[in-house]
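Q: Could you walk me through one part of this structure in detail? I would like to look closely at the place where the two chains meet, and at what surrounds it.

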Amino acid sequence: MKIFKNVQFYKILVFLFYLLFFLFISLTGNFKIFVKKFYFPYIIIGILILIFILVVETKKLRKFKKIDVYDILSFIVFLFPILLFLIVKPTTLPTYVAIKRGIQTEFSSEDILKSLYEKIEIEGKYKKLTIKQILAFSKTKPEEINNKDVAVEGIIYKGEEKEKFTLIRFLITCCAADATPLGIEVEYKAETGKELKNEEWVKVKGKAKIEEGKIKIYAEEIEKTNPPKDPYLY
Amino acid sequence: MEMIEKVRENFVKKVLRVIGILLLFIIFNLWYSGKLSELYKIFQSPKLQAFTIVLLAILIEGFPFILIGSLISGTIEVLIPEEKFKKLFPKNRFISAILGSFLGFLFPVCSCGEIPVSRRLIKKGIPPSGGISYLLATAIINPITLFSTYLAFSSGKIVFGRFILAFICSVFVGILISPSDKNEILKEYEEEHEHEENIKKFEEIFIHSGNDFLIMGKYLIVGATLASLFSTFIPRDAFLLIAKNKVFSILSMQILSIILSLCSYADAFVASSFTYLPSISKIIFMISGPMMSISLIIVYFAAFKAKFVKKLLISVFLTLFILGIIGSFIIGG
C-alpha cells in the first residue's frame, strides 16, 4: 500500500492522535489529573489549532514523499506518551511521590488567609475541612482548630508505626510536576481502621489536636471513599 | 556523505527491527507461560503511575503553548515582510537585547512557546541579541510570572530580585553570544524549503505551525521524559542537604531547577517551600529553570545549531552562578 510509505500519512496520524487525546481529556475532565483548571482554555486553543493544522495537512496527502527511518523514529516518539496514557490509565499521584518529595506537615503560603475564609460545610458535628485548611488554621489560628471535630479526605500512607498513618493530599500550582504533598498524622484505634491499605482514599472523622506545635487527628470514624472529582488541592 | 547517511539509516533500521522482535518475543513468552497479568501489575505500579502523570502533565502544559507559539511564529513568517520587521527593531545589539527582554509583555508565551517565536524573530532579521534575550527573559519578565512570584513570597524584594537578575542575565548573554550572522544560530529545517504552490496565506500559516509543532514537539517529549524520570526517582532532599553552604546552595539550586523543569508560573511556589535556603538561591532557582530546564535544553537543540546551544547554556549557567554569588554578598545570603 503506497499510503503506508508516505510520510504525510504519519504526520496526519500524529496530529489526529494528539487532537483525539486532548479532546478526550477535555471532555472527560481527565485533564485535572495532570494540570490545574487554569490551563483548560489553553488546551481548547491547542485543540482548535490542531484541527486547522489537520485540515490543511490532510489536503497535502496526495503529495508523496517516501518515509525514512528517522521519520519512523519521530513517529514512535510522538506515539510513546499516548500509548503510556492508554496502558497505564493514570488516576492520581501515588503516595510514592509524597515520600520522594517530602511530606509537608506545616503549610505556609500567601493564600493561607484565602484558604481560611473558604466556605466551611458542616457534616453532623464535624466541620468538613481540607488538609490545606487544617494546616493553615493550625499555623495561624490554632484556637479555631484545636480540640475541634473535623472531617477530612485524603490518601493513606502507612509507615512503620501501628495504629497511625499520614493522610495526604497534593497541592498543585500549575501541574502534577510541581505537586507538594501536604500531610496530617492520624491516630486510630485498631477496630476503627482494621483493613486500611496504602493508597486508599478515606474520609477521617475525629478530633483535631495540636501537640508540640503539630496538628494530629484522633480518628473516631474512617470510611473508604472514591477519589474526588478534583484529586488535588489548589 | 550520502554513503555514510545510508549506512547509518540501515543501522538504525536494523536496531529498530531487533527491538521490535525482542518486544514481541517477551510478550509471547509471558503469554505462553501465563504471566501476562504480571505486565498489568507493572503498569499499575506507583512508580510508573507517578512517571506517567508527571510526563503527561509537562506535555499537557507544554503542547498548547508550543502550538500557540508555532501559530505566532507561522503568522510572523507569512504576514510580516522581512524588511518591515527589520525597520521595527533597532540595529544596535545592546538596545535590541534590552527591547527583546521586554517583548514578553507583548508575546507572553510560556517557556515552550517562546522557542519557535524567537527562532522566527531571528530568522526574520531582528538582531540575534534581541532574539536571544527574548528567548531567555520572556518566561520570567511577563506579568503572570511576576504576579505569581509575589503571591508565593508576598515580598516585593523577591519579585524585584527575580526581575532584575533575569533582565541582567538575558541582556548580558544576548550581547555576549550573539553572532553577526543569524545563520550561525539557526538550524535549517528541510520543511521550510518545501514551498507549496497555489495555497492561501491562511493555509500557509498552519503549514508552518504544523512543521514547528512536529519539530519541537518530539524534542519536548524527550525532554519531558528525562525530567519526569529525574523528578520521579531522585529525592529533592538530596539537593537540599548539600545546599547549606552558600556556594553549593546556588549551584545545587541551579541543577535542581534544570532537573525539575517546572513551569515559570509555578516554580515560585516550589521555591517558597525551601524555607531554610537563602533568598538568593531561591531567586537563582526561579531564573535558571525557565532559561535552561532539561525539557527546554532538548528543544533548544531542535531549533538552534548545537554549537550555539552549548555556548548559550554555558553562558547562562556561569552568569547566573556569578550573579548569585554577587547577590549573596549584596543582600547577605
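A: Let's begin with a word we will need: a residue is called buried if 20 or more other C-beta atoms lie within 10 Å of its own, and exposed if 12 or fewer do. Keep in mind that this is a predicted model. By that count, 51% of the 333 residues in chain B are buried, and for chain A the figure is 37% of 234 residues.

Now for the place where the chains meet. On the chain B side, 53 residues are in contact with 49 residues of chain A. The elements of chain B that give two or more residues to this side are α1 (2-32), α3 (46-79), α8 (143-153), α10 (201-233) and α13 (267-272). Of these, α3(B) gives the most, with 21 residues. If you sort the chain B side by residue type, you find 35 nonpolar, 10 polar and eight charged residues.

In soluble globular proteins, nonpolar side chains tend to be buried together. Here the largest nonpolar core has 150 residues, and A:Ile134 and B:Ala57 touch the most other members. Domain 1 (2-90) and domain 2 (96-224) of chain A both give residues to the core, so it lies between them.

Let's zoom in on A:Ile134. Setting aside neighbours within four places in sequence, A:Ile134 is in contact with A:Leu129, A:Ile145, A:Val150, A:Val152, A:Ile184, A:Ala208 and A:Ile215.

Chain A has six helices and seven strands. Reading from the N terminus, its elements run α-α-α-α-α-β-β-α-β-β-β-β-β. The radius of gyration of chain A is 24 Å, well over the 17 Å that the globule rule gives for 234 residues, so chain A is more spread out than a compact globule. Its C-alpha trace spans about 75 × 35 × 30 Å along the principal axes. The centres of its domain 1 and domain 2, taken over C-alpha atoms, are 39 Å apart. Within chain A, 67% of the contacts with a separation of 6 or more are between residues 24 or more positions apart.

Chain B has 16 helices and zero strands. Among its contacts between residues at least 6 apart in sequence, 85% join residues at least 24 apart.

In chain B, helix α12 (residues 246-260) has 15 residues and reaches 21 Å from its first C-alpha to its last, close to the 21 Å expected at 1.5 Å a residue. Its buried residues include B:Ile250, B:Leu251, B:Met253, B:Gln254 and B:Ile258. In chain A, look for A:Phe64 in the loop between α2 (40-59) and α3 (69-88). A:Phe64 counts as exposed because it has 12 other C-beta atoms within 10 Å. The C-alpha atom of A:Phe64 is separated by 8.5 Å from that of A:Lys5, and these two residues are 59 apart along the chain.

Conventions: Residues numbered from 1 in each chain as written. Chains lettered and ligands numbered in written order. Predicted model: local features only at pLDDT ≥ 70, side-chain atom pairs only at ≥ 80, totals over all residues. Contact = placed C-beta atoms within 7 Å. Helix = DSSP H or I, 4+ residues; strand = E, 2+ residues; numbered from the N terminus. Nonpolar A, V, L, I, M, F, W, Y, C, P; charged D, E, K, R; others polar. Expected span 1.5 Å × (residues − 1). Rg over C-alpha atoms; globule rule 2.2 N^0.38 Å. Domains from an automatic or database assignment. Core = buried A, V, L, I, M, F, W, Y, C linked by C-beta atoms within 7 Å.
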